[in-house]
Amino acid sequence: MTAPSSPLTHFDAQGQAHMVDVGAKSATRRSAIATGRIEMQSATLALIASGTAKKGDVLGVARIAAIMAAKKTSELIPLCHPLALTRVAVEFELLQADNAVQCTASVDTVGQTGVEMEALTAVQVGLLTIYDMCKAADKRMVMTGVRVLEKHGGKSGSFVA
């Protein structure tokens with residue numbers, strides 16, 4: 001007797017977690033864009049903007065951390081496939097009116113599975129790095145709105161939020 005099908009692909013017919021078999025899928029170009037932001041006190045944003053934070057270039061370090069995180073996603077998220085990423089780009093925008101920094105990560109590969117998790121991981125680790133570098137000045141920072149904006153490629157096609 002087989003269990004009812006589920007939209008949750010990381011579970012087998014018996015409800016056990018497993019890594020999805022993507023072996024029969026064709027390798028295609030896949031991309032994803034994710035975003036999120038960290039809100040802070042205006043003085044903290046000014047520190048970031050001026051480059052005078054005690055620990056150095058906050059956004060430069062956060063960009064490298066985000067890129068590294070995208071590359072290590074399969075080591076952090078148990079059922080993610082290791083992927084050969086062809087591009088990771090991370091941008092930060094200072095949102096003066098909101099006392100926030102917006103992080104956007106774009107990730108590309110040619111492979112058998114998508115890169116949404118890599119883009120989301122990049123954004124979250126980029127934001128965490130900003131928190132880490134600025135926590136001495138502002139412990140009330142809040143990360144919010146982390147989400148996929150777009151994904152393209154594969155059987156399910158394109159998604160645009």
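Begin by selecting Cys134, which is buried, with a relative accessible area of 3%. Here, buried means under 20% relative accessible area, exposed means over 50%, and partly exposed lies in between (1.4 Å probe, protein chains only). The model is predicted, so local features need pLDDT of at least 70 and side-chain atom pairs count only at pLDDT 80 or more, while totals for chains, interfaces and linings use all residues. Residues are numbered from 1 along each chain as its sequence is written, and side-chain values use heavy atoms, with hydrogens and water left out.

Next, select Cys80, which counts as buried at 12% relative accessibility. A disulfide is a covalent bond between the sulfur atoms of two cysteines. With a disulfide defined as a pair of cysteine sulfur atoms within 2.5 Å, the count is zero.

Now move to helix α1, residues 42-50, where Thr44, Leu45 and Ile48 are buried. These three residues lie on the same side of α1, because they cover an arc of only 100° around the axis; the arc is that of the directions from the helix axis to the C-beta atoms. Helices (H or I, at least four residues) and strands (E, at least two) are DSSP runs, numbered from the N terminus.

Which elements do the buried residues of α1 pack against? They pack against α2 (58-71), β2 (85-95), β3 (100-111) and α4 (116-134), where contact means heavy atoms within 4.5 Å.

Just after α1, select Gly51, which takes a positive phi of about 75°.

Finally, select Asn99 in the loop between β2 and β3. Asn99 is partly exposed, with a relative accessible area of 24%. Its phi is near 50°, a positive value in a residue other than glycine. Most residues other than glycine have a negative phi.
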